[in-house]
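Please read each point beside the coordinates.

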Amino acid sequence: MPGPLVRIEGLWKTYLLGERRLEVLRGVDLEIRAGELLALTGPSGAGKSTFLHVVGTLDSPTSGRVLFEGRDVFERDEEELALFRNETVGFVFQSHHLLPEFTAIENAMMPALIRRTGRAVARRRAEEILALVGLADRMEHKPGELSGGEQQRVALARALCLQPRLLLADEPTGNLDPQTAEGIHALLADLNVKMGITAVVVTHNERLAQSLPRRVRLAAGLLVQS
Amino acid sequence: MAPAGPSPGEPSAAPRPPPQVFSGRSFSLAAAGVVLAPAVASAVHLLLSDRVGLPSAAAAGLAVLAAAAWAAAGGGLASALGRRLAFHEIAAATLLLVLLELGPLAVMLPHLRGLGLVVLSWQAQGNLVLALGLVSTALLSGTIAFIGATLAYLVLGSGRLDASLGYELFMARSHLKLSPRTVLGLFLVVVTGVVPGLLVAMAWSLWRDAAERRAALRRELFQRPRMPATLLMTLISIGGVAIGVWALTVVLSVMSGFEADLKRKILGAHAHGVVLKYGQNDFTEWRDARTKVLAVPGVGAATPFLYNEVMLSAGQNLTGAVVKGIDVATVGTVTDLSRNVEEGKLEWLDRAGDIPTARFPREKDLEKLLGESGLGPSKGLKANEGAGAPGAQTRPQPVLPGIVIGRELSRSLRAFVGDTVNVVSPFGDLGPAGPQPKSRPFRVAAVFYSGMYEYDSKFAYVSLGEAQRFFGTGDSVTGLELKVKDVDAARPVMRRVLTALDGYPYRVKDWGEMNRNLFSALMMEKVVMAVILGFIVLVASFIIIATLIMLVLEKTREIAVLKSMGAGLPSIMKIFVAEGLIIGAVGTVFGLLLGWGTCLLVDKVGIPLDPEVYYISNLPVLMEPAQFGLVALAAMALSYLATIYPATKAARLRPVEGLRSE
């Protein structure tokens, strides 16, 4: 059996707020196997977003390691990390964070454009992914002209544009009504099966978490396996 | 569960070394680029002007280009080596150059031979100018190295060669929100001289206010379209750059106009070069010398001249002047004298008999004058004779030789064509009480107008033969005046002339040497003017900095998202550099168009000047493409430099900060 895709060892994240020391993560260990769909739950302020940011290399840990396929990601320099994020990680945020001046397809193309893929190739790939998330007929709309669910689908398409090995979703359904949220989760599960994507989904919604194969709970900076 | 190793408080043994701030290798590369750039410039200039024989201006231009390329390459290598901007290294290298220049070099300077012309001319202006010149050279060298370094970082900073600007330009354009309509509107505001444009904008705004109030009365919602603050800032920066470029191009073109006018007048009234001989009154072989000189390639024409300072008097009026004996037949090939003649004819110098008599009201004066001088009316005064002067003398009257004087001289002497002028030379015959001034009457054959007050009020021309007779120089002349085919190549041509004449006892001077003070003063004035007006562009580039910082602050989340998608530091930088360059480019194009339009307007319509003061009736304008190009280049360079700080600020934003601010 191959090793885990991601292995997180003793992850600490401490912020110094003036005199006060804020310990957000206090030694988190976790293994994520390839193809796994993982729900990460926990109360507000438990450090879920920070955990996700560190795993996605947007933030660096105070101590501890994140091994991707056995290699410590934080050994890379800034530019290698950017390349790593571009090729290997896909992010979905709570508020979609789409670029408002661009259309759905342009937003979905963006990671490919950052990687310097040709415009035509990038466009074709974005079209495929948008069709996959069910937005084949909304490609030329700007985010402002899309509903909340559609916006989040575009964000998902953008994260999946370069077929990342790891999808990190930070409360993708936090701003959506239950029905739409359900749709997004179904889509995630579907993509997990179809594309074999490994995903970590942070969610508040216990009911949705229950629908995912594996669940972990983060409380006060520590993991509680469930 | 947590491994016992690292305690939470202290950071784990850092897997990555902390980013370097200063590297010795980068510094040595930067220093090689910055410090050696001035040396490269003078070496290339020496090579091109002396070995290859390019004209001085072209050689200087190429030398500066080569030095800039050298400095930029040094900076670029320094940056590429550490994949950082290498700002500290370049700053240190610049400081080193300043210290070198002000320290050992300043001590050595008096002993250094073969310095560049530029340094020599600074030296002539005094120590302050010299120090300022050296320091600004160092700063320029450092700046160019920094431009090279930043460009290298933008292209190579990601670890691979990535010069493309694909999505970054896309993002930049979306940030700036510059629609063609907005740009056109701004252009109209600037063209109409800001005030009318702003009045229209205010009227528009008032109308909107009224509409809003009406809507409020009807309890309707009136969404008033508001201009985003960043767009407003963008427009203001574009306007700033445009005004700076505009002012620079117009003022420099007018100064070039004055300079060209002056040059034309000086070269029109004077030769491009002269051949002189050491010793007095023994340049008798000038005919042979002239033949030799004319055989030199590059020489267009040559004419002999005799130069003397005299006093001129007419009636009660007296003034000092320079009398030049000229060869009427060939002088027209060298100077514009024959074309500058306003009244009378230059040829009358040789045919004094054809000079018409003075106009009627002055006849009596003339007769009196002639009577007093004991010469009586000449043959040329047939009209007078026809009137039947009672005391007509029987012996034949000598014809007075002709003289050509300038318009101002003619006015101050109140002597016009046909009038008599006395030429008085202090070095005359030997009288009983030592040397006596020698005086002889001439008749005004023509009045010329060159447009240079100095010439029109000081110069008088007589025929060479008459001059030689009057000054008693025999067949000798002062020298030869030359016209060369290419005015700007006068110096090398004159050097060849000297070689053809076998050097001593001959010597040569070109027009640049003869008027060195004037032209170097003009150049200095132009440089100072360019620097002062350059401050407008500098201020505009500060506005660009402010605008871009605002944009960066507004777009923190977007930057974070782009980083989460894998955009690297150089890539984020490129977005904001592109924005600044767009602002700079639009502003520069506006400024160039405005400058060009203004120059055309001044040229075609003409702004009258008081000719008594300026000796030019209209404001002169000379549009030099190279000058426009230089202004544009400087404006773009400043805009580019302005982007670096905000762009690095954007690139260094931590993504987490942008994502948190929701």
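1. Two residues are taken to be in contact if their C-beta atoms, placed from the backbone, lie within 7 Å. On that basis, residues 24 or more positions apart account for 80% of the contacts in chain B that have a separation of 6 or more. Chain B holds 25 helices and 12 strands, where helices (H or I, at least four residues) and strands (E, at least two) are DSSP runs numbered from the N terminus. Of its 662 residues, 39% count as buried, a term that requires 20 or more other C-beta atoms within 10 Å of a residue's own, while 12 or fewer make it exposed and anything in between partly exposed, with C-beta atoms again placed from the backbone.

2. A caution on provenance: this is a predicted model, in which local features need pLDDT of at least 70 and side-chain atom pairs count only at pLDDT 80 or more, whereas totals for chains, interfaces and linings use all residues. Residues are numbered from 1 along each chain as its sequence is written, and chains are lettered from A and ligands numbered from 1 in the order in which they are written.

3. Chain B is divided into domain 1 (19-158), domain 2 (164-177 + 228-268 + 513-662) and domain 3 (279-377 + 397-503), with bounds that come from an automatic or database domain assignment. The C-alpha centres of domain 1 and domain 2 of chain B lie 23 Å apart, and their contact takes eight residues from domain 1 and 13 residues from domain 2. Helix H5 (residues 127-156) of chain B gives the largest share of the domain 1 side, four residues. By class, that side has four nonpolar, four polar and no charged residues; here Ala, Val, Leu, Ile, Met, Phe, Trp, Tyr, Cys and Pro count as nonpolar, Asp, Glu, Lys and Arg as charged, and the others, Gly among them, as polar.

4. How do helix H9 (residues 229-269) and helix H24 (residues 625-652) of chain B cross? Their axes come within 10 Å and cross at roughly 150 degrees, the axes being lines fitted to C-alpha atoms, for helices over the stretch in contact, and the angles running from 0 to 180 degrees between N-to-C directions. That makes H9(B) roughly antiparallel to H24(B), since angles over 145 degrees count as roughly antiparallel, those under 35 as roughly parallel, 65 to 115 as roughly perpendicular and the rest as oblique. The crossing is right-handed, meaning that the near helix is turned clockwise from the far one by less than a right angle, with anticlockwise giving left-handed. Among the residues making the contact are B:Gly244, B:Leu248 and B:Leu252 of H9(B) and B:Phe628, B:Ala632 and B:Ala635 of H24(B). The contact divides into eight nonpolar, six polar and no charged residues.

5. H9(B) also packs with helix H22 (569-605) of chain B, at an angle of about 35 degrees and with the axes 7 Å apart. This crossing too is right-handed, and the residues of the contact divide into 13 nonpolar, 12 polar and no charged.

6. In helix H6 (residues 166-176) of chain B, the buried residues are B:Tyr167, B:Glu168, B:Met171, B:Ala172, B:His175 and B:Leu176. An α-helix has 3.6 residues a turn, so residues three or four places apart point the same way. The buried residues of H6(B) pack against helix H3 (104-114) of chain A together with H9, helix H20 (516-554) and H22 of chain B. Just after H6(B), B:Lys177 takes a positive phi of about 55 degrees.

7. Between the chains, 37 residues of chain A are in contact with 31 residues of chain B. H2(A) contributes the largest share of the chain A side, six residues, and by class this side has 13 nonpolar, 10 polar and 14 charged residues.

8. Two further backbone values deserve a check. B:Ala86, in the loop between helix H2 (56-82) and helix H3 (87-108) of chain B, has a positive phi of about 55 degrees although it is not a glycine, and it counts as buried with 33 C-beta neighbours inside 10 Å. A:Arg116, in the loop between H3 and helix H4 (119-132) of chain A, has a phi near 70 degrees and is partly exposed, with 15 other C-beta atoms within 10 Å.
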